[in-house]
Amino acid sequence: KLFVRGRKLRLTPTGLIFRNYAMRTVGDVRRTDSEFKALKAGSSGRLSIGAIVSAAMLFLPRSIETFRQAHPGVQILVSEGPFDLLVEHLKRREVDLVLGPLDSRALATPFSTALLNRDSIVIVARAGHLIHQSRPAWSKIANYTWILPPHGTLTRATFEQSVLQKKLEPPVPAIETASLLTQQALLQESDHLGLLTRSMAEYYVSLGLVKIVPLALVSNAVP
C-alpha cells in the first residue's frame, strides 16, 4: 500500500520509499539524456556541481579552472541555491556533488563528506554605519536591528551561542533570510547588522560594501 486516502492523500512509509526511488530514477534519466547530448557535442563527460552562493563566488572559479586544465573535455554545469535544496538535488541525482557548510544538516545525509576549507563567522554592517564610529560592545547589541539566517544553520547557532556566553539574550531578528544576496542588498539600504563568513566578508570589504564589526564570536571556526 503506497498511500492512505483521507481529506488528502498521505504517503505510507512504503510510499515514501517508492517516491524517493522514483525521484532518483527520474534524475538518472535526465542525467543520461544530458550526457548523451554532451557526447554528441564532443564532450568526454559531464560534471554537475551544486553550490551555495558564497562557495560559488569564492572557491569554484579557481577549482573549475584547475579541473578544466586536467580534464578539458569534461563539460561542467554549476547550479546555485540554498543548501537544503541542493541536498535534495543530490538525493535525486541531479547533481554529482554539493559545496556547502559541513554542519549537522550535511552530516545527517547518507552522503560522503570532505572538509575543504575552514572559515569563521563575523558581524558586518554597511561601510557608513554608525557602529564603526565608536568601539562596539556586546552589551549594546540589543540597540541594533539584525538580519539573521534561519534557526538550524551553523551561522545562527554560532552567533546565538556567542551572545548567550556573554549572559545576554540573543536579539530577535528584524529580518530572517538564508539568501546572501538579499542580506547584502538590505545591508546597503539600512542600518541593520548581519553575519557573514570571514572570507565572504573580506570579499565585500574589498569592494567597499561592508566593514567587519570587531566583536569576536566564540569558537567559531566552521567548515
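1. Let me start at Ser54. Setting aside neighbours within four places in sequence, Ser54 is in contact with Phe59, Leu180 and Met200. Keep in mind throughout that this is a predicted model. Ser54 is found in helix H2, residues 53-58. Is Ser54 buried or exposed? Its relative accessibility is 17%, so Ser54 counts as buried, the cut-off being under 20%.

2. On to helix H6, residues 154-165, where the geometry checks out.

3. Which residues of H6 are buried? They are Arg156, Thr158, Phe159, Glu160, Ser162 and Val163. Note that Arg156 and Glu160 are on that list along with Phe159 and Val163.

4. Now the largest nonpolar core, which has 15 residues. Ile123, Trp138, Trp146, Phe159 and Leu195 are the ones with the most contacts inside it. Strand E6 (119-126) and helix H6 each supply at least two residues of this core. E6 gives the most, with 3 residues. There is also a second, separate core of 13 residues, with Ile49, Ile52, Ala56 and Ala106 among them. As general background, nonpolar side chains in soluble globular proteins tend to be buried together.

5. What does Phe159 touch, leaving aside its neighbours within four places in sequence? The contacts are Ile123, Trp138, Trp146, Leu148, Pro171, Leu195 and Leu217.

6. Next, the aromatic pairs, of which the structure holds 2. Trp146 and Phe159 form a tilted pair, 4.8 Å centre to centre with 45° between the planes. This pair links distant parts of the chain: Trp146 sits in the loop between E6 and strand E7 (147-148), Phe159 lies in helix H6, and they are 13 residues apart. Both Trp146 and Phe159 are buried.

7. Tyr203 and Tyr204 also form a tilted aromatic pair, with 5.8 Å centre to centre and 50° between the planes.

Conventions: Residues numbered from 1 in each chain as written. Predicted model: local features only at pLDDT ≥ 70, side-chain atom pairs only at ≥ 80, totals over all residues. Heavy atoms only, no water. Buried < 20%, exposed > 50% of the residue type's maximum accessible area, 1.4 Å probe, protein only. Helix = DSSP H or I, 4+ residues; strand = E, 2+ residues; numbered from the N terminus. Core = buried A, V, L, I, M, F, W, Y, C linked by side-chain atoms within 4.5 Å. Contact = heavy atoms within 4.5 Å. Phe/Tyr/Trp six-rings, centres within 6.5 Å; stacked < 30°, edge-to-face > 60°.
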